[in-house]
Amino acid sequence: MATPLPDSSQKYDLGFARWVYENVKGGDQLSMCMQCGACSGSCPIGTDMDHGPRKLIMMIRAGMKDTVLRSNTLWNCTSCYRCTVRCPRGIPVTSIVQGLAAKAVSLGYADEVVTSRFARSFWWSVTHFGRTDERLVTAKFYFSFGLAEGIKRGLGNLKIALDLILKGRMHLGLPHKVSDTGGLQAILEKAAEIEARDQLGEDKS
Amino acid sequence: MNSKDARKKYVYYPGCSSQGSSKHLDESLRAIIPELGLEMEELDDWNCCGASVGNIGGGPLPTTALTGRNLAKAETQHATDVITGCAACYLNTHGANERIKADVALQNKVNESLAVADLSYEASLQVRHACEVIVNEVGIDKIKERVTQPLDGLKVAGYVGCQTVRPFANTESGGNYDTFDDPEFLDQFAEACGAEAVDFNVKTSCCGGSISVISPEKTLHLIKEILQAAEDAGADVISTPCPLCQTNVEMYQAEINKKFGTDFNLPVVFYSQLMAKAFGLDGRKDAGLHRNTVRSEKLDILVQNA
């Protein structure tokens, strides 16, 4: 029987560790961690993280659901995979951090998180065009903070944008698209539906 | 045709940055690959790989389904191998392909999704990074043989970055082509082209990846260290295989100079641009060297044709 996601009334709920084990890619390797810290020590951006990967793993095992899903460690990961290749126990640390980030979004822990905003702008481009339109993703991300902040951020990067335009490295004109955007959207919708179905199945059982 | 005689058929997946910020990687790869004796045709109607944040924006299965669509299309082109020059495209496409191959349940879910567009993926393909193919299938000697205009006197800092080698370079499915922490292939490429590879000890440091796009204030110091190490090593140019590394390390130099009081003006190029030049190809049309925004005298000489 699958473990339901614990509610947050209990600060420590071992059910959370089991839930991560069952629902996050790589989560089944968590029990292998010996807390050596090679992951956090290898992290290029560890100083910007509230906990870092080593402590995050310990907190998962302790069942600290809310602290884990609100941790900025999930949002500062650059996907450099140094922790993954250096882990002496072969734990796919990056996958776990990224998988938790995806779960935090779907569970509503991350609506205002900057990385999450960027991810939404990115996914908007993917679902509409089948491709990343770097220009529109950036603009949509900037303006997700509101009109004034969007203009401010845009102006702050004006020189970079102009350089790219001058060198022919910013696409101008209509976005590049796949030919069957309808088919691609149908695939993505179906995949989301299957993912939701699996999730529901696990929670019901 | 006898299977022994069957040649590998490469289908080329350019990725989204090929139509924007990394046009010069795409142009130079298309120029050098035939010169190295490989044939490739473009993946038909390819879509985005999901990049670094697809999992977060769309969820894990939809992101895997994106790759499934690309691979299903590649199979209809009768490919044996998919080749890409982009680090993120490689990470996502190779990673998803290996997961699909190892997990029938996942393959079924991907195919259930693809079926709505009359596609399916039989998990028959290998997904490979262009650098791995050049190391394993072409070989350094072949690069040397092809060089007609050696890049004499050019000092190159080979900046590999992360996802080109991590986590797959040192794995069987990744072709075992180099190490995670101290890869040598970029230096070998530069030297095969007649340039000098300088001793550069941050070759696999992270440029901040997409965090440098989202929140550069958190990662400018990472890029500064890369630039500083290259400058200290006396490099004329930084050479990289990764689209995001190229853009981040190049574009943020002005902001880094402002923030840290430094004076960096170091061109950042793709290894494939250098190769195109060393092969005697056109500095603009083939090497795309007019597209790099940070310019130096040496780069301006390089872009000109002899």
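Colleague: Among contacts in chain A between residues at least 6 apart in sequence, what share joins residues at least 24 apart?
Modeller: That share is 56%, where a contact means two C-beta atoms, placed from the backbone, within 7 Å. Please note that this is a predicted model: local features need pLDDT of at least 70 and side-chain atom pairs pLDDT 80 or more, while totals for chains, interfaces and linings use all residues. Residues are numbered from 1 along each chain as its sequence is written, and chains are lettered from A and ligands numbered from 1 in the order written.

Colleague: How many helices and strands does chain A have?
Modeller: Chain A has 12 helices and zero strands, taken as DSSP runs (H or I, at least four residues, for helices; E, at least two, for strands) numbered from the N terminus.

Colleague: Which domains are assigned in chain A?
Modeller: Domain 1 covers 14-108 and domain 2 covers 114-195, with bounds from an automatic or database domain assignment. Their C-alpha centres lie 28 Å apart.

Colleague: Turning to chain B, how many of its residues are in contact with chain A?
Modeller: 47 residues of chain B contact 54 residues of chain A. On the chain B side, the elements giving two or more residues are α2 (54-58), α3 (60-76), α5 (104-114) and α9 (209-214).

Colleague: What is the box for the C-alpha atoms of chain A?
Modeller: Along the principal axes, the box is roughly 55 × 40 × 30 Å.
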